Amino acid sequence: MEQKSEPLLEVKDLELIFSSDFGDRTVTDHISFHVNAGETLGIVGESGCGKSVTSLAIMGLLARNGRVNAGSIVLRSRRKPEGKDLLRLTRRELDEVRGRDISMIFQDALASLNPVFSIGNQVVEAVCAHQTMDRREAAARAEELLRRVGLPDPEAAMRKYPFQLSGGMRQRVMIAMALAGKPELLIADEATTALDVTIQAQIMRMIRDIRREMQMSMLLITHDIGLIAEMSDRVIVMYAGQIVEEADVYELFRNPLHPYTRLLIAATPGMYDAPDRKLAAIPGTVPENYTDIIGCRFADRCPYVTTECVKPQENREFSPGHSARCHLAAQIPAADTGAGAAGQTQPTEGVFAARASHQGASAWRDS
Ligand SMILES: Nc1ncnc2c1ncn2[C@@H]1O[C@H](COP(=O)(O)OP(=O)(O)OP(=O)(O)O)[C@@H](O)[C@H]1O
Ligand SMILES: [Mg+2]
């Protein structure tokens with residue numbers, strides 16, 4: 001059950017700036033969200049919306065030319081239940097947080113693993129980084145972790161090098177390393193995007209099961225709204241450096257309020273769609289210099305655009321826990337996806353099909 005106590009992670013008014021030869025650019029505009037203990041928060045949005053920079057800021061891993069200009073990132077871990085602002089930690093404190101309180105899995109396992117060390121070596125290293133144990137114990141724990149993430153022959157895999165494993169297996173190794181410190185929050189940023197669809201599904205399910213078993217919270221970052229439907233409890237939708245909608249996952253799919261969310265959902269294939277149904281990608285792209293836009297940043301792509309949209313749009317709460325940044329939000333009929341011209345139907349049933357089929361939709365609530 002979702003806990004009503006204070007959230008595990010609370011990001012408030014986060015403003016991230018990147019500098020370049022052309023000057024400073026604000027890439028996230030006062031982002032605020034939280035992750036409750038035990039839940040999965042999905043962050044969805046197209047490429048360049050600011051999903052990765054947000055998660056990198058949480059991990060203290062922003063690129064050199066990036067900085068946090070405003071805001072706070074408070075973590076209330078078991079080790080420090082009173083909470084601490086991750087932006088105010090010393091290097092050493094931050095090193096302790098990484099891996100032990102929060103771990104992150106990235107898209108590119110090959111880049112994250114060291115090519116010259118064996119798998120065993122690297123997983124053992126990850127185990128030893130977080131707890132004091134002798135090499136033999138650590139090796140046993142490493143093998144156990146590799147087995148848990150689904151490596152068929154963990155003992156043999158320990159002796160292999162990253163290039164000798166398939167992409168999916170490498171991804172599993174990276175997940176094992178991320179789990180080594182028994183983190184309370186796992187951040188998965190497009191963790192399976194590079195893999196083929198079947199393997200992607202297997203790995204996501206494995207992550208979902210382990211997350212439950214270890215009672216971890218998760219921040220799931222993806223541009224795949226289907227994955228969001230399958231994995232998350234709550235969702236934030238990002239567009240051009242802003243949060244444009246936030247809701248419980250069921251509420252979001254049944255009653256999307258922001259036109260951008262509607263179009264994202266409409267662009268997702270559903271189980272009951274005709275095989276020849278055309279996928280409606282959202283026409284246009286995320287504006288390059290979104291910082292300079294005063295009004296709604298989605299206006300130039302929005303099928304519902306009105307003259308009001310040139311004014312700044314605030315996030316408004318329409319029902320408890322459900323907010324959106326659009327003056328029209330409550331006025332557009334629920335069945336209207338904004339993609340009517342392309343013959344879209346609301347694919348709500350379809351997107352939840354995967355979730356329901358292997359778990360029973362209600363069981364998700366009780367984890
Ligand atoms: N090191 C950097 N220097 C300058 N700008 C950057 C840097 N890293 C990210 N940005 C900019 O910040 C914005 C947000 O990027 P981010 O990587 O967070 O997007 P994203 O939502 O994760 O996209 P994707 O789905 O492609 O991963 C983009 O406009 C990007 O160009
Ligand atoms: Mg990204």
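Helices (H or I, at least four residues) and strands (E, at least two) are DSSP runs, numbered from the N terminus. By that rule, β2 and α1 each supply at least two residues of the shell around ligand 1. This is a predicted model, in which local features need pLDDT of at least 70 and side-chain atom pairs count only at pLDDT 80 or more, while totals for chains, interfaces and linings use all residues. Residues are numbered from 1 along each chain as its sequence is written, chains are lettered from A and ligands numbered from 1 in the order in which they are written, and side-chain values use heavy atoms, with hydrogens and water left out.

**Ligand 1**

- The shell around ligand 1 holds 15 residues, and the closest are Ser 47, Gly 48, Lys 51, Ser 52 and Val 53; a residue is near a molecule or strand if one of its heavy atoms lies within 4 Å of it.
- Helix α1 gives the most to this shell, with three residues.
- Sorted by class, the shell has six nonpolar, five polar and four charged residues. Here Ala, Val, Leu, Ile, Met, Phe, Trp, Tyr, Cys and Pro count as nonpolar, Asp, Glu, Lys and Arg as charged, and the others, Gly among them, as polar.
- A polar contact is a pair of N or O atoms within 3.5 Å; within protein, one must be able to donate a hydrogen and the other to accept it, and residues adjacent in sequence count only if both atoms are side-chain atoms.
- From the side chain of Arg 25, an N or O atom is 3.1 Å from an oxygen atom of ligand 1.
- Val 53 uses a backbone N or O atom, which lies 2.9 Å from an oxygen atom of the ligand.
- For Asn 65, an N or O atom in the side chain is 2.9 Å from a nitrogen atom of ligand 1.
- On its own, ligand 1 has 630 Å² of accessible area, of which the protein covers 68%. Accessible areas come from the Shrake-Rupley method with a 1.4 Å probe; for residues, only the protein chains shown count as cover.

**Helix α1**

- Helix α1 spans residues 51–59 and is mostly covered, with seven of its nine residues buried. Buried means under 20% relative accessible area, exposed over 50%, and partly exposed in between (1.4 Å probe, protein chains only).
- The buried residues of α1 are Lys 51, Val 53, Thr 54, Ser 55, Ala 57, Ile 58 and Met 59.

- Four strands form an open sheet in the order β2-β1-β4-β5, with antiparallel pairing; two strands pair if DSSP finds at least two bridges between them.
- Its edge strands are β2 and β5 (84–85), each of which pairs on one side only.
- Strands β1 (residues 9–20) and β2 (residues 23–35) run antiparallel and are joined by nine bridges.
- A hairpin of two residues links β1 to β2.
- Eight bridges connect β1 with the antiparallel strand β4 (residues 66–75), where Arg 67 is the bridge partner of Ile 17.

- Strands β9 (residues 234–239) and β10 pair in the antiparallel sense over six bridges, with Val 235 opposite Ala 247 in β10.
- Two residues separate β9 and β10 in their hairpin, and Ala 240 in the turn has a positive phi of about 45°.
- Strand β10 (residues 242–248) is mostly covered, as six of its seven residues are buried.
- β10 is also joined to β12 (residues 322–324) by two bridges, in antiparallel sense; Ala 324 in β12 is the bridge partner of Glu 245.

**Cysteines and Thr 40**

- Searching the whole structure finds zero disulfides, a disulfide being a pair of cysteine sulfur atoms within 2.5 Å.
- Cys 309 is in no disulfide, and the nearest cysteine sulfur, that of Cys 296, is 5.9 Å away.
- Cys 309 has 8% relative accessibility and so counts as buried; Cys 49 is buried as well, with a relative accessible area of 0%.
- Thr 40 is found in strand β3 (residues 40–44), and at 1% relative accessibility Thr 40 counts as buried.
- Thr 40 and Met 216 are 176 residues apart in sequence, yet 8.7 Å apart in space, C-alpha to C-alpha.
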